[in-house]
Amino acid sequence: MIVETWSEQETFDLGAQIGKNAREGQTYTLTGDLGVGKTVFTKGMAAGLGIEEPVSSPTFTIVQVYEGG
């Protein structure tokens, strides 16, 4: 799936919507150059999952576990 967003808020909201609809066992892969919004998307997805702890950039992370959600 390819989705284009046009603002930081749209990117966050898309992540939040996907997080709300995520199901156990699903895997998501983010690709893109530096500065395209992967961190904003990840923060939105975490919010959608109900995760309240700080979210770090996924660019240089191989595995990051967040509790809750």
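1. Secondary structure. In this predicted model, the protein has two helices and zero strands. The helices are α1, covering 8-21, and α2, covering 38-49. The radius of gyration is 11 Å, close to the 11 Å that the globule rule gives for 69 residues, so the protein is as compact as a globular protein of that length.

2. Overall dimensions. The C-alpha trace spans about 30 × 25 × 20 Å along its principal axes. The accessible surface comes to about 5,400 Å². Carbon and sulfur atoms account for 53% of that surface.

3. Of the 69 residues, 23% count as buried. Take the contacts between residues at least 6 apart in sequence: 44% of them join residues at least 24 apart.

4. The second largest pocket. What is its volume? The figure is about 590 Å³. The lining of this pocket consists of 17 residues. Nearest the pocket centre lie Val3, Leu14, Leu30, Thr31 and Phe41.

5. Who supplies the lining? Both α1 and α2 supply at least two residues each to the lining of the second largest pocket. Which element gives the most? That is α1, with three residues.

6. By class, the second largest pocket is lined by nine nonpolar residues, six polar ones and two charged ones.

7. Threonine 11. This residue is found in helix α1. Is threonine 11 buried or exposed? Its relative accessibility is 11%, under the 20% cut-off, so threonine 11 counts as buried. Setting aside neighbours within four places in sequence, threonine 11 is in contact with Thr5, Gly37, Val40 and Phe41.

8. Glycine 35. This residue lies in the loop between α1 and α2. Glycine 35 has a relative accessible area of 82%, over the 50% cut-off, so it is exposed. Which distance separates glycine 35 from threonine 59 in space? C-alpha to C-alpha, the two are 9.9 Å apart. Along the sequence they are 24 residues apart.

9. Proline 54. The segment after α2 holds proline 54. At 73% relative accessibility, proline 54 counts as exposed, because exposed means over 50%. Its C-alpha atom is separated from that of lysine 43 by 8.2 Å. Proline 54 and lysine 43 are eleven residues apart along the chain.

10. Threonine 11 counts as buried. Glycine 35 is exposed, and proline 54 counts as exposed. Their locations are helix α1 for threonine 11, the loop between α1 and α2 for glycine 35, and the segment after α2 for proline 54.

Terms used. Residues numbered from 1 in each chain as written. Predicted model: local features only at pLDDT ≥ 70, side-chain atom pairs only at ≥ 80, totals over all residues. Heavy atoms only, no water. 1 Å grid on protein atoms, 1.4 Å probe; cavity = no way out; pocket = protein on both sides within 12 Å on 5 of 7 lines; lining within 4 Å. Points joined across faces, edges and corners; volume = space filled by probe spheres on them. Helix = DSSP H or I, 4+ residues; strand = E, 2+ residues; numbered from the N terminus. Nonpolar A, V, L, I, M, F, W, Y, C, P; charged D, E, K, R; others polar. Rg over C-alpha atoms; globule rule 2.2 N^0.38 Å. Buried < 20%, exposed > 50% of the residue type's maximum accessible area, 1.4 Å probe, protein only. Contact = heavy atoms within 4.5 Å. Areas by Shrake-Rupley, 256 points an atom, 1.4 Å probe, with all protein chains shown as cover.
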